Amino acid sequence: MPNTAYPVLQEKILQNPARSLLRGTRRAPTELPEQQPGTVLVFEVNGSYRALGRQRLTGREPEVIGALSVSVVNTRPTLVEVYLKAPSASAADDFDIRIGFRCQVHSPEAVAEYGLHDIGPMLQRHLAKDTALLAKCAAKHTKDIAEVRIVANAQIAAYCKVRPPSIMGIQIDLECVEVFTPRGERDFAKVMKKTEREHVIDRLRRMGESEAVEYLKQMLASSEAARALAVSRDDIDAGEAARQVAEQEATHLSGMIDLIKVMAESDRMDRVPLDIQRLYDSAMSALTGNDALLHNPALGSTDQQAPVRSGLPGRDDDERYVPDEDDLTDDLADGGAA
């Protein structure tokens, strides 16, 4: 732990000095405590205290020879910190306040006489008498830490101005006031910050997943886009993709040809407003790479200018169909004439 001794750093009882017939009475300098920079030695001589400035002592000085004890006193300006607990409106937490005082010894003799080894408790007791500070803090919740800091600074400054701390031989001035965040609020803030960060990360992750799903949905809406996506990700090569496209087109054309044949065989050709012969020729040509009429005798040759249904099995070859009205009238007329 750090050394909190201030302003008296050390005290030592001295033995009787050595006496010699030739050299007289003398105290060995090694018997004295080490004098650090910024300190003075204060000797207790005949019930009084005498400080000697920084100098090399020979041991023959009257104060050194006649001293019963010696004290090392720090005379440099020093910041003395005091900690004070103030109640809050929450029964679970208190406000921890750190108050800093700038102190400097102006009378080493008085300090050594009173044996002021640590003035921190004295300053703490002085601040604890400020009932107004305790009352104002007790009315605040720990979540109002920012407001408490303002109130504590103003109240402590006013209190020290009206009732300044007074210790014999020391000049004391208020330096700073700091109110620490209660442990409960600090832990809660840490959890909240961590949770908020995790929430932001999770939200961004979900947004990325949603965009990825929507992208894949659009890409998989058609076989061509899905196949292009697979090629871009090296799931399949371009040759395999081309082969699949060719197979798909061949299957489609073959199904079209089968549909045309079924329609022709079921006598539904007249009900479809399409040039079935041309559609059939185009499908066969795309499927085989050759002229469909040259490879399909049932459709006739390319030189024939037959009606659409003349090359396909249908109503011309089916006896179930009733002739046209004109043909029926001619037949009836011929029969009557006969």
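Which residues does Glu31 touch, not counting residues up to four places away in sequence? The first legend gives the answer.

**View 1. Glu31 and its contacts in the predicted model.** The structure shown here and in the other views is a predicted model. Glu31 lies in the loop between strand S3 (24-26) and S4. Leaving aside residues up to four places away in sequence, Glu31 touches Lys12, Leu14 and Gln15. Between Glu31 and Leu14 there are 7.7 Å in space, C-alpha to C-alpha, although the two are 17 residues apart in sequence.

View 2. Most residues other than glycine have a negative phi. Asn46, however, has a positive phi, near 55°. Asn46 counts as exposed because its relative accessibility is 72%, and exposed means over 50%.

**View 3. The peptide bond between Tyr6 and Pro7.** Pro7 belongs to the segment before strand S1 (8-13). Most peptide bonds are trans. The bond that joins Tyr6 and Pro7 is cis, with omega at about 0°.

**View 4. The largest nonpolar core.** This core has 34 residues, of which Ile97, Phe101, Ile119, Leu127 and Ile170 touch the most other members. Among the elements that give two or more residues to the core are S4, strand S7 (78-87), strand S8 (94-105), helix H3 (120-128) and helix H5 (145-162). Leu127 touches Val82, Leu84, Ile99, Phe101, Ile156, Tyr159 and Cys160, when residues up to four places away in sequence are not counted.

View 5. Val200, Leu204 and Met207 make a nonpolar surface patch of about 270 Å². Met207 is placed in helix H6 (residues 183-219). Is Met207 buried, partly exposed or exposed? Met207 counts as partly exposed because its relative accessibility is 44%, and partly exposed covers the range between buried, under 20%, and exposed, over 50%.

Conventions: Residues are numbered from 1 along each chain as its sequence is written. This is a predicted model: local features need pLDDT of at least 70, side-chain atom pairs count only at pLDDT 80 or more; totals for chains, interfaces and linings use all residues. Side-chain values use heavy atoms; hydrogens and water are left out. Patches are made of residues with over 30% relative accessible area and no salt bridge: like charges are joined within 9 Å, nonpolar side chains (Val, Leu, Ile, Met, Phe, Trp, Tyr) within 5 Å. Accessible areas come from the Shrake-Rupley method with a 1.4 Å probe; for residues, only the protein chains shown count as cover. A salt bridge is a side-chain nitrogen of Lys or Arg within 4 Å of a carboxyl oxygen of Asp or Glu. Helices (H or I, at least four residues) and strands (E, at least two) are DSSP runs, numbered from the N terminus. Buried means under 20% relative accessible area, exposed over 50%, partly exposed in between (1.4 Å probe, protein chains only). A nonpolar core is a set of buried Ala, Val, Leu, Ile, Met, Phe, Trp, Tyr and Cys residues joined through side-chain atoms within 4.5 Å. Contact means heavy atoms within 4.5 Å.
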